Amino acid sequence: MAGLPAPRTAVDRINVLLVEDDEGDAVLVEALLDEVEADVALHRARTLREAERLLSKADCVLLDLGLPDAAGIDGLTRLLAHPAPVAIIVLTGLNDEHQGTRAVAAGAEDYLVKGQVDGVGLARSIRYAVGRKRAEETQRQLRDEQLLAAEKTRLERGLLPSPIMHGEDIGWEVSYRPGGSRMLLGGDFYDAVRTADGTLQVLIGDVCGHGPDEAAIGVFLRIAWRALVLADQEPSRVLRTLHEILEHERHQPGLFTTACMVTISPDRRWARVYLAGHPEPMLLVGDRVVELPRDRAGLPLGVLPDSTWSGLDVPLPPGWAMLLYTDGLVEGRVHGDSERLGSERLIKLIDDITADRPDWAREPSTLLDSLISRVKELNGGELDDDMAVLLISDRG
């Protein structure tokens with residue numbers, strides 16, 4: 001009974017560690033397993049200390065409760081405290097069966113009474129103990145993963161925005177999807193606040209990159225934006241402050257964020273649009289799509305320390321709608337074409353949808369759902385990049 005080999009694979013024999021200081025009992029166990037040609041590799045430790053060194057490479061332990069350095073349940077308790085999961089079968093004497101019962105209650109898979117078990121029973125007990133332990137470990141890992149996923153979902157859902165809206169004169173539709181549906185929360189972010197005088201402030205942004213770090217930065221920026229808007233800060237100053245926050249919070253130098261901020265007047269007849277390296281909104285009037293100019297567009301947040309941003313005033317005709325989006329919407333592929341979807345094809349999709357649904361303004365959500373469905377269809381499945389799409393409409 002030599003030292004233990006490397007951990008076994010699925011086709012190897014079961015590695016059994018016999019922890020027994022009595023030579024006669026050890027020889028008997030070996031003989032019982034040889035007699036039935038049990039598919040096990042038997043190894044030996046004479047003390048608990050020696051067993052602890054070999055434990056990580058064993059699948060099953062046959063543990064005598066009377067060892068030189070551990071007596072009774074103490075040895076079992078020490079082995080159960082080790083991080084590596086292993087099945088343990090306790091070996092008890094003829095007059096000590098109650099110890100076996102105590103051992104099972106403490107965490108052993110089974111107990112066997114020396115002198116009252118044959119080779120078939122011993123081999124079966126080993127197989128069953130290993131099978132049960134593996135099933136328990138699989139269930140434990142599954143429970144841990146489910147708990148982690150549930151906690152992650154609750155956290156992400158709690159970090160998604162709840163726009164501050166009031167009044168029935170402005171419609172609000174949103175679709176938010178992290179790339180590949182990996183999480184509930186991605187690096188794209190959005191928010192809206194309608195102040196007491198009826199002014200609507202809207203933000204949409206995209207943190208460069210993917211993953212939880214980028215998602216966290218997006219949350220930082222969104223919450224900071226809301227606080228600044230509620231404090232009635234001037235829009236260009238708001239963007240400047242977000243730029244400074246990004247410089248301090250980003251986890252790697254050079255990480256930048258695009259953003260679009262829109263102020264809609266209380267009478268819903270004009271908007272002021274600020275672009276920080278972000279795609280310009282699209283203005284929908286009836287069945288026409290008007291792409292706003294970019295002559296006032298500034299650099300993304302976090303690029304240059306002295307960046308400034310100025311607004312573009314846009315008149316809003318009655319019955320208008322405005323589509324704001326992150327570039328995940330237009331960076332999907334088109335089947336049979338090496339190019340991305342792009343804004344020109346996006347406009348064509350919107351034209352087609354509004355032509356098919358001339359009454360879309362009554363239910364703006366149908367336009368948003370149809371648009372995203374067609375973009376995904378052209379891409380051949382879920383989009384890889386994070387995507388946020390907002391549709392604001394005049395209901396007056």
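Modeller: Let us start with Phe256, which sits in the loop between helix H7 (235-249) and strand S11 (257-264). Helices (H or I, at least four residues) and strands (E, at least two) are DSSP runs, numbered from the N terminus. The model is predicted, so local features require pLDDT of at least 70 and side-chain atom pairs pLDDT 80 or more, while totals for chains, interfaces and linings use all residues. Residues are numbered from 1 along each chain as its sequence is written, and side-chain values use heavy atoms, without hydrogens or water.

Colleague: How is the exposure of Phe256 classed?

Modeller: Buried means under 20% relative accessible area, exposed over 50%, and partly exposed in between (1.4 Å probe, protein chains only). Phe256 counts as partly exposed because its relative accessibility is 30%.

Colleague: In what order do the strands of the parallel sheet run?

Modeller: Strands of a sheet pair through backbone hydrogen bonds, either parallel or antiparallel. Two strands pair if DSSP finds at least two bridges between them. The open parallel sheet has 5 strands in the order S2-S1-S3-S6-S7. Strand S2 (40-45) and strand S7 (110-113) are its edges, each pairing on one side only. Strand S6 (residues 87-92) is joined to S7 by 4 bridges, and Thr92 has Val113 in S7 as its bridge partner.

Colleague: Which helix lies across S6 and S7?

Modeller: Helix H4 (residues 97-106) does, running at about 170° to S7. Angles run from 0 to 180 degrees between N-to-C directions, with axes fitted to C-alpha atoms, for helices over the stretch in contact (heavy atoms within 4.5 Å).

Colleague: What is the strand order of the antiparallel sheet?

Modeller: This open sheet of 5 strands has the order S8-S19-S16-S13-S14. Strand S8 (170-177) and strand S14 (288-291) each have a single partner strand, so one side of each lacks a neighbour in the sheet. Strand S13 (residues 282-285) runs antiparallel to strand S16 (residues 320-325), with 4 bridges, and Val285 is partnered by Trp320 in S16. Helix H9 (residues 364-379) lies across S8, S13, S16 and strand S19 (387-394), at about 25° to S8.
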